[in-house]
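Have the viewer open as you read.

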2 protein chains.
Amino acid sequence: MRKVADSTVRRLSLYLRFLDDFEGQGVETVSSEALAQRGGTTSAQVRKDLSFFGSFGKRGLGYYVPELAQRLRQILGLGRRYRVVMIGAGKIGSALVQYRGFTQRGFDIVAIFDNDPAKIGTQWNGLTVLPIDRLEQELKAQQVDMAVLVTPGEAAQSVAERVVGQGVKAILNFAPVQLNVPDDVVVKTVNLALELETLSYALTNR
Amino acid sequence: MRKVADSTVRRLSLYLRFLDDFEGQGVETVSSEALAQRGGTTSAQVRKDLSFFGSFGKRGLGYYVPELAQRLRQILGLGRRYRVVMIGAGKIGSALVQYRGFTQRGFDIVAIFDNDPAKIGTQWNGLTVLPIDRLEQELKAQQVDMAVLVTPGEAAQSVAERVVGQGVKAILNFAPVQLNVPDDVVVKTVNLALELETLSYALTNR
DNA sequence: GTTTGTGAAACGATTCACAGCT
DNA sequence: AGCTGTGAATCGTTTCACAAAC
């Protein structure tokens, strides 16, 4: 089952959200065409995406909404909760800590770190901001699945190395730099400046 | 020059950041290989990316750092400033308003809207939060290039239609929904839940 | 009759490899 | 000799189209 395109996984995640909506509206079955329309893609694309993982539909009928949702949750690894540490208690970090979607989707923030003495010791959503020196100690003390990096660009690589050194295998990176990590570590970078620049490109070239 | 892949544009934006670094270090020329290494890609990729827009290098030598940087700024449409409105003065909105990278890269936030009476009238980084009812009026009064949407999911589509109705052609969307807009409007969606789910997928399937 | 699941075809992006310039 | 610029080859993804299932 290896080697499924990133674009496919992202679409699965979208489909799951649509299924949740459909389920909320009491819809029982859904066709690949209906999912496609909601997601701005084609029915063939939907079926192909799903086909990498099995065949979940009934011909002539479509997919049972709750069943397909359940399958997708399983495929995406959402049948469990994840323990997440946040590194950087600045503006974006603070917004993320309070973001409901995190917890709702199964991601629990279990520690927050910063190196600013003014922030260390303050309370964020029930968690005390810890000094960054305590990073290794805390990662050893509690099992952690992911790190969210919200540090300045200069600090990001070194922090990444420290969390990777403690066995963390997934990083969500908001620092505007390209992180260098071993092959068995997954990094997703969200780079705002880059998104803005693709918009400015699109506005310019029309 | 039409029809350049999104992935190409994103890489150009990365290269530009590397060139800024190189320039800061006083490096005068740079090879496609050097840029490639910094960006985790290949020299052929770098040259192909640039070749869509012209030939900026000298054979046997590489590229003049300041010249190539200048060219990339031009290609990406960064030779001017953009006027941006922010819609939604919640946690993420507030973090974004204060984010330095916005202004640094040429994007000026010129108005902020919300529908929460508790927020309307408060000051955000020198701007007064306006009631969302004033949206059309303000968009008419001042030329605006982009809208950043930081509303709840339910509100996003309707707000998008309102800004598009006033002629805005670019939207940066942080609401976790798929926006439906006319073909001549560009939307970039940053969907946190989706990024988290690709990470969880990656952690699960190894 | 409807809709899935999937090989095959079409399309698009990346990599190769080398001729041509400096 | 070194490095770019670019057609040609390769690889990966999306779309087509239809037989099989209900």
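How many nonpolar, polar and charged residues does the surface near DNA strand D have, by class? There are five nonpolar, 10 polar and eight charged residues. Here Ala, Val, Leu, Ile, Met, Phe, Trp, Tyr, Cys and Pro count as nonpolar, Asp, Glu, Lys and Arg as charged, and the others, Gly among them, as polar. A residue is near the strand if one of its heavy atoms lies within 4 Å of it.

A word on conventions: this is a predicted model, in which local features need pLDDT of at least 70 and side-chain atom pairs count only at pLDDT 80 or more, while totals for chains, interfaces and linings use all residues. Residues are numbered from 1 along each chain as its sequence is written, chains are lettered from A and ligands numbered from 1 in the order in which they are written, and side-chain values use heavy atoms, leaving out hydrogens and water.

**Around the DNA**

In total, 23 residues surround DNA strand D, and A:Arg59, B:Ser32, B:Arg47, B:Ser55 and B:Tyr63 are the closest.

The table gives polar contacts, that is, pairs of N or O atoms within 3.5 Å.

| Side chain | Atom of DNA strand D | Distance |
|---|---|---|
| B:Ser32 | phosphate oxygen | 2.6 Å |
| B:Tyr63 | phosphate oxygen | 2.9 Å |
| B:Arg59 | base oxygen | 3.0 Å |

**Helix H1 of chain A**

Helix H1 (6-24) of chain A is among the elements that supply at least two residues of the DNA surface. H1(A) has 19 residues and spans 28 Å from first to last C-alpha, close to the 27 Å expected (1.5 Å times one less than the number of residues). Its buried residues (under 20% relative accessible area, 1.4 Å probe, protein chains only) include A:Leu12, A:Leu16 and A:Phe22. Just after H1(A), A:Gly26 takes a positive phi of about 75°.

**The sheet of chain B**

Seven strands of chain B form an open, mixed sheet in the order S5-S6-S4-S3-S7-S8-S9. S5 (123-124) and S9 (186-189) stand at the edges with a single partner strand each, so one side of each has no neighbour in the sheet. S8 (170-173) and S9 of chain B pair in the parallel sense over four bridges (pairing needs at least two DSSP bridges). B:Asn173 has B:Thr189 in S9(B) as its bridge partner.

Note on methods
A polar contact is a pair of N or O atoms within 3.5 Å; within protein, one must be able to donate a hydrogen and the other to accept it, and residues adjacent in sequence count only if both atoms are side-chain atoms. Buried means under 20% relative accessible area, exposed over 50%, partly exposed in between (1.4 Å probe, protein chains only).
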